[in-house]
Amino acid sequence: MGFRVGIVGLPNVGKSTLFNALTRTAAAQAANFPFCTIEPNIGEVAVPDARLSRLAEIARSARIVPARMSFVDIAGLVKGASRGEGLGNRFLANIREVDAIAHVLRCFGGDDITHVGGVVDPVSDARTVETELMLADLDSAERRVQTLARKTRGGDEDARRQDRLLRAAITALAEGHPARTVAVADEDRKAWGELQLLTAKPVLYVCNVGEDDAATGNDHSARVAEMAAGEGAGTVVISARIEEEIAQLDEDEAAMFIREIGLEAAGLSRLIRAGYDLLRLQTYFTAGPKEARAWTIRKGALAPQAAGVIHTDFERGFIRAETVSYADFVACGGEQGAREAGKLRVEGRGYEVRDGDVLHFLFSG
């Protein structure tokens, strides 16, 4: 199961620098002019989780396989993108394919890097991008309602559901609100997701600050945090320049550098975890002599769905799951100790997997 977070924003806000640090490569060209990133670069990153190493140590696993998330570096957007300005059409097409948006905002000064709007104002920048996405959604939704007209008149239930949801989105968008503000019933969730509205995607604001503000943020990032709080969105303060430096260091050197500049953890680790939380994801583990592995599932996933992440045959032939919590696995010294202590549970098809569960699935082939 792959989850993709799109890194978006105006040109020259630090998107590609951040992407380079995330993937520890120079694959995305960071240049001081708009549209230097034309094709979306995609990089997979490991999701930081200290629990995995501990499990591997106890299970004496030969290798460790962390959960992974994909980040997509998307070309910079400019005002008018909804009408195809700049690389607008390509930008909008690329963003439709991601599950969530990491919106990078320039919260640093300096004349050496040109700001496309001529002045550093991250809240205004956020509004520019959001407006373009809403205009694109509004145009798309109105056209799709027209396309569905014949089917809805004919009594097609799926078409009527789509029409109802699209009209709810149009109402919100016309009033200046993104589609994610629409209240969607549980039974409509799947159909709503299939509409692929840009502004229905969850958003995380990434405040790219200068090196001196990496630990504390600044006035610009504070304004973004206030805006995000009003929207129910999250924020992460990060210095892409510093993170790019950290990415070139080995683990011990990076840890020392992070402490020296007053950070509790690398900004990238916080960004990845924030992306994980934004998508309402959680982790379960499998651990044995061959490997200790972290698996990503949606919160609320049932045991058969979790098994299906490993292989579809596991979900189809699911019989039961043997389950130990991470805390019990560690306290009892592994699966056998947990079994002897009565901490290992046998769960059926209706079990809702919890974050940190260590699972062993039994299935019929």
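The expected span of a helix is 1.5 Å times one less than its number of residues. Keep that rule in mind for these close-up views, which show a predicted model.

View 1. Helix 10 covers residues 267-278, which makes 12 residues. At 1.5 Å a residue these should span 16 Å, and because the end C-alpha atoms are 16 Å apart, the helix agrees with the rule. Look next for its buried residues: G267, L268, L271, I272, A274, G275 and Y276.

**View 2. Helix 5 and what covers it.** How many residues does helix 5 have? Helix 5 runs over residues 157-174 and has 18 residues. From its first C-alpha to its last it reaches 26 Å, close to the 26 Å expected. At its start, a side-chain oxygen of D156 comes to within 3.0 Å of the backbone nitrogen of D158. After the helix you meet G176, whose phi is positive, near 90°. Along the helix, the buried residues are A159, D163, L165, L166, A169, I170, A172 and L173. An α-helix has 3.6 residues a turn, so residues three or four places apart point the same way.

View 3. Strands of a sheet pair through backbone hydrogen bonds, either parallel or antiparallel. Are strand 1 and strand 5 parallel or antiparallel? Strand 1 (residues 4-8) and strand 5 (residues 100-106) run parallel, and four bridges join them. To find your place in this pair, look for V8, which stands opposite H103 in strand 5.

**View 4. The nonpolar cores.** The largest nonpolar core has 64 residues. Within this core, the residues with the most contacts are L18, L22, M69, F71, I95, Y205 and V206. Pick out F71 and see what surrounds it: leaving out residues up to four places away in sequence, F71 touches V5, I7, F19, L22, N41, I42, G43, V45 and I272.

**View 5. Two loop residues with positive phi.** N12 sits in the loop between strand 1 and helix 1. Although N12 is not a glycine, its phi is positive, about 65°. Is N12 buried or exposed? Buried means under 20% relative accessible area, and N12 has 13%, so it is buried. Now move to Q196, in the loop between helix 6 and strand 6. Q196 is also a residue other than glycine with a positive phi, near 55°. Its relative accessible area is 39%, so Q196 is partly exposed.

View 6. E291 belongs to strand 9 (residues 291-298). With a relative accessible area of 19%, E291 is buried. Which side chains make polar contacts with that of E291? One is R63, joined to E291 by a polar contact of 2.8 Å. Another is R293, with a polar contact of 2.7 Å. Setting aside neighbours within four places in sequence, E291 is in contact with S61, A62, R63, V65 and T286. T296 is in strand 9 too. T296 has a relative accessible area of 8%, so it is buried. The side chain of T296 makes a polar contact of 3.0 Å with the side chain of Y276, one of the buried residues of helix 10.

Methods. Residues numbered from 1 in each chain as written. Predicted model: local features only at pLDDT ≥ 70, side-chain atom pairs only at ≥ 80, totals over all residues. Heavy atoms only, no water. Buried < 20%, exposed > 50% of the residue type's maximum accessible area, 1.4 Å probe, protein only. Polar contact = N/O pair within 3.5 Å; in protein donor to acceptor, adjacent residues only side chain to side chain. Pairing = 2+ DSSP bridges. Core = buried A, V, L, I, M, F, W, Y, C linked by side-chain atoms within 4.5 Å. Contact = heavy atoms within 4.5 Å.
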